[in-house]
Amino acid sequence: MKSRFRTSIRILALLFFACCLCWWWFGGSNTGWTKTYITAPTTDEVTGIVYEVKQEKFVPGIDCLAVGTGLSFAVFAASFLRFPKP
């Protein structure tokens, strides 16, 4: 019974880590801090001058990946705890 519980906790930690990694990777895989907006170059139709416009977009950064990894390791480490029998 205990080994099933511990194995399921470890699988849960692995799935959580995989989900965080995929979310970061497919969300833009930004190696900097998390961004809530991006700048996109836009060209003025009349003058032809290129300028940048801010667009609201959430791009997860390395800090989101670090928090997800830390939480998954904490869940994995919790599977090694031994509880006394009542």
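Asn-30 is buried, its relative accessible area being 14%; buried means under 20% relative accessible area (exposed is over 50%, partly exposed in between; 1.4 Å probe, protein chains only). The model is predicted: local features need pLDDT of at least 70, side-chain atom pairs count only at pLDDT 80 or more, and totals for chains, interfaces and linings use all residues. Residues are numbered from 1 along each chain as its sequence is written, and side-chain values use heavy atoms, with hydrogens and water left out.

**Surroundings of Asn-30**
- Asn-30 lies in the loop that runs between helix H1 (2–26) and strand E1 (35–43); helices (H or I, at least four residues) and strands (E, at least two) are DSSP runs, numbered from the N terminus.
- Apart from neighbours within four places in sequence, Asn-30 contacts Trp-24, Lys-35, Val-59, Pro-60, Gly-61 and Ile-62, where contact means heavy atoms within 4.5 Å.

**Cys-20 in helix H1**
- Cys-20 belongs to helix H1 and is buried, with a relative accessible area of 15%.
- Leaving aside neighbours within four places in sequence, Cys-20 is in contact with Leu-65 and Gly-68.
- A distance of 8.0 Å separates the C-alpha atoms of Cys-20 and Cys-64, which are 44 residues apart along the chain.

**Strands E1 and E2**
- E1 pairs with strand E2 (residues 50–59) in the antiparallel sense over eight bridges; two strands pair if DSSP finds at least two bridges between them.
- Thr-43 stands opposite Val-50 in E2.
- The hairpin of E1 and E2 has six residues between the strands, and Gly-48 there takes a positive phi near 80 degrees.
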